[in-house]
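Biologist: I have not seen this one before. Can you walk me through it?

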Amino acid sequence: MVIHNMVRRTDRPPAKSPRGNRVAVAIHRDGCRLDGRVRDFETLIADEPELAGGTDQGPSPLEHLTLSLATCQAILIVKVAEAMGFGFRSLQVVAETDIVFRVGKRFPEPTPRVAKAHIEVEMQSEEPAVRFRELQERVEDRCPVSTLFSDAGIHPEVVWVPNTLIRAT
């Protein structure tokens with residue numbers, strides 16, 4: 001087990017890692033509220049719902065994880081579609097994670113854990129069905145966040161719904 005002791009000034013964005021790794025910093029503000037910093041981007045808030053002891057000022061870490069799954073899949077679809085010359089009018093990726101509470105090995109309190117993940121890809125395009133299938137095959141197993149889930153034994157179910165009307169949010 002490797003433990004890193006790091007002390008950083010937290011008022012500025014995290015520096016780039018000398019190893020080329022991704023670096024994120026979570027800064028405690030109050031209760032369960034944390035300010036997240038990645039590169040030079042604006043602060044990302046993480047909090048818990050009131051029911052879980054937070055103040056509901058931002059998405060929970062598990063909601064951030066679910067959003068990462070949706071956005072990673074969407075970005076990959078856009079990149080692959082562009083490389084294929086696959087035209088589309090709209091794209092929306094909806095990710096859902098099923099959370100269960102299980103008792104851990106060392107502590108008797110149940111903790112939330114991801115049990116399942118589901119991704120629905122809604123896309124409007126004039127492309128023929130054979131091109132949709134080709135896009136699906138080229139995208140499959142390439143999203144690093146989806147791969148992280150799979151490596152943990154949670155294989156996201158991906159459903160493509162071509163030529164759907166995008167849901168208003």
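Modeller: Start with a salt bridge: the side chains of arginine 89 and glutamate 126 meet at 2.4 Å, N to O. A salt bridge here is a side-chain nitrogen of Lys or Arg within 4 Å of a carboxyl oxygen of Asp or Glu. The pair links distant parts of the chain, 37 residues apart: arginine 89 is in the loop between helix 1 and strand 4, and glutamate 126 is in the loop between strand 5 and helix 2.

Biologist: Are arginine 89 and glutamate 126 buried or exposed?

Modeller: Arginine 89 is exposed, and so is glutamate 126. Buried means under 20% relative accessible area, exposed over 50%, and partly exposed in between, with a 1.4 Å probe and protein chains only.

Biologist: What should I know about the model itself?

Modeller: This is a predicted model, where local features need pLDDT of at least 70 and side-chain atom pairs count only at pLDDT 80 or more, while totals for chains, interfaces and linings use all residues. Residues are numbered from 1 along each chain as its sequence is written, and side-chain values use heavy atoms, with hydrogens and water left out.

Biologist: How many salt bridges are there in the whole structure?

Modeller: Six. One of them joins the side chains of arginine 29 and aspartate 35, at 2.8 Å, N to O. Arginine 29 counts as partly exposed because its relative accessibility is 44%, whereas aspartate 35 counts as buried at 8%.

Biologist: Which residues are joined into a network by salt bridges that share partners?

Modeller: Glutamate 127 and arginine 131 meet in a salt bridge of 3.1 Å, N to O. Salt bridges with shared partners join Glu127, Arg131, Glu134 and Arg138 into one network. Glutamate 127 has 18% relative accessibility, so it counts as buried, and arginine 131 counts as buried at 19%.

Biologist: Which residues other than glycine have a positive phi?

Modeller: Arginine 39 is one of them, at about 45 degrees, and aspartate 141 is another, near 65 degrees. Arginine 39 lies in the loop between strand 2 and strand 3, and aspartate 141 in the loop between helix 2 and helix 3. Arginine 39 is exposed, with a relative accessible area of 53%; for aspartate 141, also exposed, the value is 67%.

Biologist: New topic. Which residues line the second largest pocket?

Modeller: Including Glu48, Leu62, Thr66, Ile99, Phe101 and Pro112. Helix 1 and strand 4 are the elements that give two or more residues to that lining. On a 1 Å grid over the protein atoms alone, a pocket is an open set of points where a 1.4 Å probe fits, with protein on both sides within 12 Å along at least five of seven lines; lining residues have an atom within 4 Å of a point.

Terms used:
Helix = DSSP H or I, 4+ residues; strand = E, 2+ residues; numbered from the N terminus.
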